[in-house]
Each structure stands twice: as C-alpha cells, then as structure tokens.
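Student: I have a protein structure open on my screen and I would like to learn how to read it. Could you take me through it step by step?

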Amino acid sequence: MCGIAGFCKPSINLENERGQWESVLDNMNRSQKRRGPDDEGTYLNKSCGLAHVRLEIIDLLTGHQPMVRKNPAGEYAIAFNGEIYNMKELKRELQLEGAVFTTSSDTEVILNGYMLHGADYAKKLNGIFSVAIWDSSKEQLCLFRDRLGVKPLFYTFYDDGLIFSSEIKGLFEYPGFSPVVDKNGLCEIFALGPAKSYGQGVFKGVLEVLPGQCMIFGRSGCTSHFYWKLEGRPHEDSFEKTVEKTAWLVEDAIKMQMLSDIPISTFLSGGVDSSLVTAICSAQLKKQGKELNTFSFDFVDNDKYFQSNSFQPSQDRPWVEKMTAFSKTNHRFLICSNQDQLDCLYKAVDARDLPCMADVESSMLYFCSQVVGYNKVTLTGECADEIFGGYPWFHKKEAFEGSDFPWSMSMEPRKVLLADDVINELHMEEYARAAYEKTIMETPRLPGEVQEEKRRREISYLNLRWFMVTLLDRMDRTSMYSGLEARVPLADHRIVEYIFNVPWKMKCPDGIVKGLLRQAGSDKLPKDVLWRRKSPYPKTYDPAYERLLGERLKEVLSDPGAPVRALLDTRKVNSFLNSPSDYGRPWYGQLMAGPQMLAYMLQVNYWLEKYKIQLV
C-alpha cells in the first residue's frame with residue numbers, strides 16, 4: 001500500500017518553475033509519509049506532477065514509483081496505491097499482446113494495460129486501488145478507484161487545475177488551498193458522521209473519486225464514467241448451488257489476497273468472518289510449511305467490566321482460543337488501555353482528516369500500531385455483515401418501516417450536546433433525509449420483486465454505500481497510519497455482485513443470521529465457532545474511561561479559545577455527564593453510545609483546532 005498525490009494544470013508550463021512545483025510534490029509526500037515509509041518519488045512534466053510514498057509489499061527491489069514508460073505515441077507515468085490480486089494472470093495476457101516488463105510489480109501491469117487498452121483496462125483489475133496515470137499522448141490525467149472504494153482518492157478543482165491525494169491532508173499542501181467548512185460540511189459531521197456522503201470530502205471544494213469511477217482531466221475539462229456499477233439481476237441458482245458458489249468465491253478471494261513477498265497475518269475475533277479468513281490462510285500456509293500469525297484485540301479489565309447486551313452478547317477471547325487451537329496459529333492477544341485509546345482519539349483524526357468513529361477508531365489505530373511490529377500485511381473479516389446481512393437492522397421491523405439510515409434512526413441523540421442556535425441553523429433532519437433518499441433512488445432494482453424483498457435490497461444497498469464504506473475508511477486510515485496493509489477479502493467485488501442478488505430466504509435460511517456464509521464455511525470451522533451468535537468489534541465498558549472523557553471535555557470547554565465551544569451547549573454537556581450511560585442504545589451503528597458521543601466531540605474540537613478550519 002502507498003499514498004499518491006499530484007496535480008494537473010494544462011494551462012501553464014510547470015517546467016518553467018520546476019523547483020517550486022517539485023517542492024509542492026515533496027510536501028504532498030511528506031504529509032502522507034505514514035502511508036508509505038519505505039520509499040518515495042516524484043514526477044513532473046509541463047502539465048502534470050505526481051507524488052508517491054511506498055510501503056513495500058510486492059517487488060521490493062524494482063517497484064519504485066512514480067513509474068514512467070514510453071512508446072512511439074508518448075510518455076506515460078503512474079502513481080498507484082493498492083494491490084492487484086490477479087496481476088500474474090494479467091501479466092501473462094499482456095505479454096502475449098507484446099507488452100515488455102522490467103519489474104515484477106503490479107504497478108507495471110496497470111501501466112502496460114493502460115498503454116495497450118486505455119482507461120477501460122480498469123475493468124480487468126481484481127484488487128484494491130486508487131490510480132493516477134498521466135498520458136502525454138492525449139495530454140490528460142486519468143484517475144480511477146476500485147469498485148467498492150477500499151482505497152481512498154480525494155480531489156479538488158482549484159487554480160485552473162485539478163489536485164488529488166489519497167488523503168485530504170495532501171490537498172492542503174497545494175499553495176493557497178485551505179480548509180474551509182460550510183453548513184453542509186457541519187451537517188456531514190453532526191447529521192451523518194462518522195459516515196459521510198459518498199463523493200464528498202466534508203471540506204468545502206473537496207470531492208472524492210467514487211468507487212468504480214474513472215475520471216479524465218485535460219485541456220478540454222473533466223469527464224467521468226463508471227467502469228463498474230452494482231446491478232440487480234435474477235438469481236437462478238438453487239440453494240445448494242448458491243452455497244457451493246459462495247464457498248468457492250470466498251475461498252478464492254482469500255487465497256488471491258494472500259499475494260505478498262513478505263509474511264502475512266490475520267485479525268481473529270473468533271467470529272465466523274475472521275475465523276473463515278484465518279482457517280483458509282492457515283491451511284494454505286501449512287502446505288508451504290509456514291505458520292500464520294494471528295492477532296485479537298481487547299481492553300484492560302474488560303473481563304471485569306464487560307456488559308452483555310443485544311448488540312454485544314459475549315466476549316471474544318474464549319472463541320479466539322478455540323480457533324487458534326483449531327488452526328494452530330501463532331497468536332497474540334493485544335490489549336488497549338483507557339489512556340491509549342484516549343490518546344489515540346487525536347491520532348485517529350490525524351489519520352482520517354475528519355472526526356471519525358471515536359474510540360472504535362482510535363483503538364483500532366492503536367492495535368494496528370502493535371500488529372505492524374510483527375507483520376506489515378494482514379487479512380481481516382471486514383464487510384461480511386454488510387454483504388451477507390449480519391447487522392440487526394437487516395432483521396428489525398423498524399428498519400423496514402422507517403425512512404432513515406437504519407444504523408442511525410433518530411437525530412435526537414446527535415443533538416443532545418449541540419447549542420440550540422446550531423441545531424436551528426443546520427436543518428440536520430432535512431440534510432440526512434436528502435442523503436438517504438438519494439441512495440434509495442439509486443438502488444439497483446429487479447422488476448417484479450415483492451415489496452419486502454425490494455426493501456431488503458434497499459437496506460443492503462444503503463449498507464454497501466454508507467456503513468461499509470465508513471468501516472473501510474476506518475480500516476484503511478488506521479492501518480496505513482502505521483504502515484500496515486490491511487486487506488478485506490470478503491469485499492471482493494465478485495462476492496458482492498453475487499450475494500447482492502441472492503434472495504433473503506437463502507442469505508438467512510430459517511432466520512439464521514448470515515446462514516448462507518455459515519453454510520459455505522461448514523467444512524472449514526469448528527461447529528460452535530461456525531454457529532456462534534454475532535458479536536461486533538470489542539469496546540471497553542470500564543466506567544473509568546468515560547470519566548476520563550468527561551474530564552477531558554470539561555477541560556476543553558473551560559478554554560475560551562476552544563473552537564467547539566461555539567457549537568456545544570455547556571449546560572447540556574454537564575447534564576449529559578451527570579446522566580447514567582446507556583451502552584445498549586447507540587446513536588450510530590452498534591458501538592457508538594454515550595461515551596462515544598463525548599469522544600466524538602473531543603475529536604471535533606481537535607479537528608477544528610489542528611486544521612485551523614474556517615467555518616463559513
């Protein structure tokens with residue numbers, strides 16, 4: 001994995017002030033250095049500059065970027081972030097077409113593919129990627145992103161050109177472009193956060209290349225198209241065939257994503273998703289005489305303070321122990337303290353450039369910083385719940401009857417600390433409703449479906465476009481902050497395309513949550529692990545952590561210069577701090593309840609302060 005950035009300015013000759021523009025590219029690299037601590041490079045021609053920082057995973061010796069190639073038509077340069085899992089197959093095809101390779105990197109596969117086939121070559125790639133290619137033959141910059149948005153790519157139109165970067169912070173290294181947030185941006189933070197509208201970057205003028213989108217920018221302006229979109233299709237396979245095909249797709253995706261020139265590991269919670277990934281990886285490595293490293297996460301004294309509830313019915317450790325014994329992995333239990341996750345709240349904002357999932361994100365960032373001491377590549381079980389229908393809102397009556405995001409059905413908890421004038425000015429309900437309805441209108445349909453199946457399709461699509469992307473962003477930024485590459489094999493686009501169109505009675509046979517995935521893994525896991533009731537990512541229930549948050553927020557509000565003071569009502573905050581916490585009624589997802597609201601406001605204040613944001 002890596003970080004990419006750059007700009008395209010066809011109206012001037014950048015080479016006339018080469019030193020100035022190379023300095024900008026160097027600054028862009030410096031801002032994203034955590035994404036690629038192993039190497040860096042820049043490229044500049046008269047119309048375009050590319051910057052790249054590299055985390056070495058494949059082709060350790062000759063994979064330097066930006067990579068430049070020439071043919072009789074012109075010069076081509078690429079900056080690429082991600083991994084292409086079918087690179088070997090594609091390389092063989094391109095060699096038969098006459099392509100010449102001087103490295104063993106997937107970067108050169110993409111570049112040769114583009115030189116032979118143009119931007120449509122993106123359709124051939126199976127992987128996670130954000131790509132920038134300068135094509136001198138057409139004097140245009142091509143940007144494209146993987147189908148599900150695993151790898152980030154932000155951009156803005158500014159100064160008669162286009163600026164782009166893997167992370168938002170890279171855009172602010174361009175001279176004159178500064179952080180501004182308007183009312184819509186505040187609605188993103190308070191009405192939708194920690195999610196955000198796809199295609200938007202919260203800051204004014206900041207946009208995002210959409211999943212599956214290709215953009216072309218040159219002298220004649222900017223055009224875009226989607227090389228991939230999810231479609232509604234009839235499902236004609238029997239249940240037995242559906243189980244068989246799902247099992248094949250899952251196993252094939254996991255095996256493909258083991259591609260690496262350095263040792264891999266897995267995150268293991270003892271749930272069905274991460275256990276399947278672990279079991280398949282471990283079995284493959286055993287054939288090579290190798291042992292798999294696995295990691296699980298928990299919090300100091302969580303055995304003492306854990307509170308079972310409908311969202312989190314059990315602790316993970318006993319299930320992890322079952323799986324490590326079964327798969328014979330080299331396992332490490334990683335533990336996070338209250339102070340660690342509090343301190344990492346701010347690092348999580350540094351990583352995301354936005355307020356994020358509070359301690360759900362900060363703790364993941366902490367754990368990733370520990371994992372990278374052992375392995376630089378890991379596979380996770382992320383995204384199975386969104387794809388296979390694992391969350392409670394896939395099953396609850398309220399989600400079927402409501403017209404709101406099912407993981408955040410009431411705006412009231414979001415207003416509980418906000419000043420009344422802020423609430424009155426932002427119109428949060430209207431903003432969130434418009435965002436929700438936009439996605440509902442975009443949902444791929446299948447003519448003739450009954451209303452219940454139609455609604456399930458809408459809920460599935462909402463999850464893929466919003467909730468899953470939020471977790472993918474969390475995984476990318478928290479891992480890349482420490483130079484760790486985290487892969488998500490269950491989000492292989494082939495799995496998503498197939499499962500999206502499987503009827504609910506097959507996804508959830510006999511009412512069994514994720515029953516299809518469990519059936520598909522029936523020959524790979526111990527029976528009790530296979531049928532374990534879903535339990536999400538762990539969090540602390542230690543009341544001392546909430547007290548730390550409360551004390552820190554009081555300190556912030558006692559500072560006359562704290563920017564969040566203009567947005568919060570101090571009396572409401574004090575009343576909230578004196579109320580008992582309700583861990584069982586989250587305001588976002590399953591994990592973000594009372595303590596996470598306090599942590600989120602601490603992140604908002606830090607974000608406003610650090611980025612010196614101008615509110616307009």
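## Reading the fold together

Tutor: Gladly! In this protein, residues 24 or more positions apart account for 73% of the contacts with a separation of 6 or more. Keep in mind that this is a predicted model.

Student: How many helices and strands are there in the protein?

Tutor: There are 24 helices and 19 strands.

Student: What radius of gyration does the protein have, and what would a compact globule have?

Tutor: A compact globule with 616 residues would have a radius of gyration near 25 Å, and the protein has 24 Å, so the two agree. Along the principal axes, the C-alpha atoms fill a box of roughly 70 × 60 × 50 Å. Buried residues make up 63% of the 616 residues.

Student: How should I think about the inside?

Tutor: Start with the general idea: in soluble globular proteins, nonpolar side chains tend to be buried together. Here, the largest nonpolar core has 108 residues, and those with the most contacts inside it are F7, F190, F203, F297, W466 and W607. Helix α24, residues 594–610, gives the most to this core, with 9 residues. A second, separate core has 82 residues, including I78, M87, A122 and I280.

Student: Which residues does F297 touch, leaving out those up to four places away in sequence?

Tutor: F297 touches F267, L334, M364, F367, V371, Y537 and P538.

Student: Now the sheets, please. What holds strands side by side?

Tutor: Strands of a sheet pair through backbone hydrogen bonds, either parallel or antiparallel.

Student: Can we zoom in on one residue? Is T294 buried or exposed?

Tutor: T294 is found in strand β15. Buried means under 20% relative accessible area, and T294 has 0%, so T294 is buried. The side chain of T294 makes a polar contact of 2.8 Å with the side chain of T329, and another polar contact, of 2.7 Å, joins the side chains of T294 and H331. Leaving aside neighbours within four places in sequence, T294 is in contact with several residues, among them T266, L268, T278 and R332.

Student: Where can I see antiparallel pairing?

Tutor: Look at the open sheet of 6 strands in the order β4-β5-β6-β7-β12-β13, which has antiparallel pairing. Its edge strands are β4 (67–71) and β13 (221–226), each pairing on one side only. Neighbouring strands of this sheet are turned by 15° against each other on average, direction ignored. β4 and β5 (residues 74–84) pair in the antiparallel sense over 5 bridges. M67 has I78 in β5 as its bridge partner, and I78 is also one of the residues in the second core.

Student: Which helix lies across β4 and β5?

Tutor: Helix α3 (residues 106–117) lies across β4, β5, β6 (127–135) and β7 (140–145), and runs at about 135° to β5.

How values were computed. Residues numbered from 1 in each chain as written. Predicted model: local features only at pLDDT ≥ 70, side-chain atom pairs only at ≥ 80, totals over all residues. Heavy atoms only, no water. Core = buried A, V, L, I, M, F, W, Y, C linked by side-chain atoms within 4.5 Å. Buried < 20%, exposed > 50% of the residue type's maximum accessible area, 1.4 Å probe, protein only. Helix = DSSP H or I, 4+ residues; strand = E, 2+ residues; numbered from the N terminus. Contact = heavy atoms within 4.5 Å. Polar contact = N/O pair within 3.5 Å; in protein donor to acceptor, adjacent residues only side chain to side chain. Pairing = 2+ DSSP bridges. Axes fitted to C-alpha atoms, helices over the stretch in contact; angles between N-to-C directions. Rg over C-alpha atoms; globule rule 2.2 N^0.38 Å.
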